Amino acid sequence: CSHVVAREWKVDAVRVYVNSSSENLQYPVLFVVRQQKGVLSWQVPLIFRGLYQRTYNYQEVSRTLCPSEPAPETGPSDQIIFVDVASMAPFNIAYELLVTRLESFQLETNKPFNFTASPSQPQYFLYKFPQDVDSVIIKVVSDAVYPCSVVSVQDIVCPVYDLDHNVEFNGVYQSMTKQAAITVQRKDFPGEQFFVVFVIKPEDYACGGSVPSSIHGKLCWGQILLVCLGYGVAGNLWSLTVFLYLSDLSRKDRRIVSKKYKIYFWNIITIAVFYALPVIQLVITYQTVVNVTGNQDICYYNFLCAHPLGVLSAFNNILSNVGHMLLGFLFLLIVLRRDILHRRAMEMKDVYTLDYGIPKHFGLFYAMGIALMMEGVLSACYHVCPNYSNFQFDTSFMYMIAGLCMLKLYQTRHPDINASAYSAYASFAVVICLAVLGVVFGKNDMWFWVIFSLIHVLASLALSTQIYYMGRFKMGKCHNQTILWDRMVLLIVGNLVNWSFAIFGLVYRPRDFASYILGIFICNLLLYLAFYIIMKIRSSEKLLPIPLFCIVATAVVWAAALYFFFQTLSSWEETPAESREKNRSCILLGFFDDHDVWHFLSAAALFFSFLVLLTLDDDLDTVRRDKIPVF
């Protein structure tokens with residue numbers, strides 16, 4: 001019998017164990033357990049089907065019977081259980097039947113609980129929310145990486161879905177190998193209680209393992225509160241002089257050039273709106289599917305530090321992107337202040353603003369600020385449901401940030417021949433298209449990597465030619481000029497780096513194609529920035545305190561940020577179960593994990609990086625442009 005009690009009493013449950021020595025699949029022994037509100041049945045040998053129609057037979061089966069719902073008005077009551085045993089065998093079959101009362105069926109907060117389970121002997125237990133607890137994290141840890149298991153949280157409804165073929169029909173669930181974590185909130189369960197179900201799969205294939213797998217698995221359970229750029233041709237703006245100076249490349253009407261660069265700002269706003277809206281719609285759909293189906297294998301969260309809010313499963317990973325938005329807005333204000341001061345100086349016909357210093361065009365800076373804010377928005381969207389299909393959302397505006405930064409560096413001393421907004425954004429669109437193709441075909445298709453690597457190498461050579469001759473190169477004819485060895489060194493190193501990336505991709509074919517492209521952009525940006533600073537120092541120019549501070553701050557913050565970035569907490573390159581082996585607990589305020597800290601620090605690092613570009617040439621404000629070298 002099974003005692004079903006009111007909330008004041010401890011809930012008891014009954015477990016039925018059967019064993020039969022018969023392996024005759026033609027004449028199995030059938031067991032039917034009838035209770036007051038349900039029927040549970042199975043056969044011995046119990047048969048599970050795996051991949052490629054493999055079958056796994058089990059002679060021992062044990063199931064926990066669903067306890068009756070408490071009746072507060074009557075208190076504990078006895079329940080009658082009928083066990084029917086039958087077989088169509090024309091001969092006698094020996095079997096063993098054992099009915100036992102579970103001494104430990106109800107889980108307790110902060111108290112570890114050990115148990116064993118196998119494919120034919122699933123387990124489930126009851127948890128009731130204490131009065132002062134609104135949410136808990138169920139932590140499950142296995143002694144070994146395999147077997148593949150499923151952890152499910154189900155409402156107090158009979159029957160309980162505790163077999164491999166039906167465990168996904170109710171509640172929320174996760175596959176696991178070595179660990180899993182599910183956050184549960186009191187508001188989701190009107191009865192303020194739920195079942196925690198543990199099912200062992202007959203094969204490890206679903207969790208990334210080999211087949212066939214071992215038959216039995218032992219689990220330990222514990223719970224607590226738980227950027228290619230195009231460059232325009234300037235034309236005959238200078239004679240075949242030995243050295244070029246900034247005055248040679250800043251002869252166009254200032255107002256026309258300024259309007260040209262403002263297009264960067266307006267275009268990126270348009271791009272942001274049209275890109276973000278369908279992304280938001282898609283991730284909302286992902287989250288809805290997770291909430292409706294209960295399948296927590298869809299999204300790769302750090303389940304050991306996933307704090308839900310409303311319909312969002314991991315609000316902390318979304319909230320931590322607020323730094324990008326706030327610092328992006330702050331950068332826009334800083335740029336706006338500089339823009340206003342520059343306009344006032346122009347209105348006063350200040351000689352230093354007309355023929356001195358780097359030409360002040362702020363359109364690219366505004367675009368960078370918007371890009372930083374949108375990175376926060378799209379990163380937040382990605383973290384609504386992080387997985388392989390939508391990781392491009394988290395990286396798209398990072399490509400644009402890296403590309404805009406390189407364009408800004410080049411524009412500084414080549415204002416008249418820098419790329420137009422249309423050609424630049426078209427280049428970014430091509431990159432994002434390649435990223436999408438990489439997501440679809442980059443896993444195993446060799447032809448894609450051959451084509452991409454060829455495009456990468458040819459684009460590097462074409463861009464190198466354009467940069468070296470600064471738009472004066474024509475096929476079959478090259479104007480006489482002094483070879484600028486410094487620029488040649490940069491281009492040689494840059495091509496070696498890019499060819500190395502192309503070879504690496506062709507040989508190893510990394511599955512994370514979006515990060516691979518991002519790595520290409522970042523390495524090229526860092527290489528160009530280092531070249532620019534070195535050439536600035538070689539030209540006897542100064543680094544003022546503010547840009548020097550920003551350079552140091554950028555290096556320090558990026559180093560700290562990258563430390564947390566490489567603390568892998570999940571990986572959609574693996575199965576959901578294998579990914580959970582990397583899950584870790586919160587490290588900041590009991591709410592944010594390592595990846596959230598990466599969000600905060602990377603936002604600050606990008607902000608300081610932007611300030612470096614904004615202030616780097618402040619020392620040239622009092623230097624005539626015909627004295628500022630071009631490199």
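**Close-up 1. The loop that holds P45 in the predicted model.** P45 sits in the loop that runs between strand 3 (39–44) and strand 4 (46–49), in a structure that is a predicted model. The peptide bond that joins V44 and P45 is cis, with an omega of about 0°. Most peptide bonds, by contrast, are trans.

**Close-up 2. The loop that holds P159.** A cis peptide bond also joins C158 and P159, and here omega is about 5°. P159 belongs to the loop between strand 13 (149–154) and strand 14 (172–176).

Close-up 3. Strand 1 (residues 13–20) and strand 6 run antiparallel and are joined by 5 bridges; for N19, the bridge partner in strand 6 is E60.

Close-up 4. Strand 11 (residues 123–128) runs antiparallel to strand 16 (residues 193–200), with 6 bridges joining the two; K128 has Q193 as its bridge partner in strand 16.

**Close-up 5. Helix 1 beside helix 5.** Two packed helices are described by the angle between their axes and the distance between the axes. For helix 1 (residues 254–293) and helix 5 (residues 363–384), the axes come within 9 Å and cross at roughly 5°. Because angles under 35 degrees count as roughly parallel, helix 1 and helix 5 are therefore described as roughly parallel to each other. The residues of their contact comprise 20 nonpolar, 2 polar and 1 charged. Helix 1 has 40 residues and reaches 59 Å from its first C-alpha to its last, which is close to the 58 Å expected at 1.5 Å a residue. After helix 1 comes G294, whose phi is positive, near 75°.

**Close-up 6. Helix 9 against helix 10.** The axes of helix 9 (residues 485–508) and helix 10 (residues 513–538) come within 11 Å and cross at roughly 165°. Since angles over 145 degrees count as roughly antiparallel, this pair of helices is therefore roughly antiparallel, and the crossing of helix 9 and helix 10 is right-handed. Among the residues that meet are L490, V493, V497, F501 and F504 in helix 9, and Y516, I520, L527, Y528 and F531 in helix 10. Sorted by class, the contact of helix 9 with helix 10 has 13 nonpolar, 5 polar and 3 charged residues.

Close-up 7. R509 lies in the loop between helix 9 and helix 10, and R509 has a positive phi of about 45° although it is not a glycine. Most residues other than glycine have a negative phi. The 26 residues of helix 10 should span 38 Å at 1.5 Å a residue, and the end C-alpha atoms of helix 10 are 38 Å apart, which agrees. Just after helix 10, S540 also takes a positive phi, of about 65°.

Key
Residues numbered from 1 in each chain as written. Predicted model: local features only at pLDDT ≥ 70, side-chain atom pairs only at ≥ 80, totals over all residues. Heavy atoms only, no water. Axes fitted to C-alpha atoms, helices over the stretch in contact; angles between N-to-C directions. Helix = DSSP H or I, 4+ residues; strand = E, 2+ residues; numbered from the N terminus. Parallel < 35°, antiparallel > 145°, perpendicular 65-115°, else oblique. Left-handed = near helix turned anticlockwise from the far one by under 90°. Contact = heavy atoms within 4.5 Å. Nonpolar A, V, L, I, M, F, W, Y, C, P; charged D, E, K, R; others polar. Pairing = 2+ DSSP bridges. Expected span 1.5 Å × (residues − 1).
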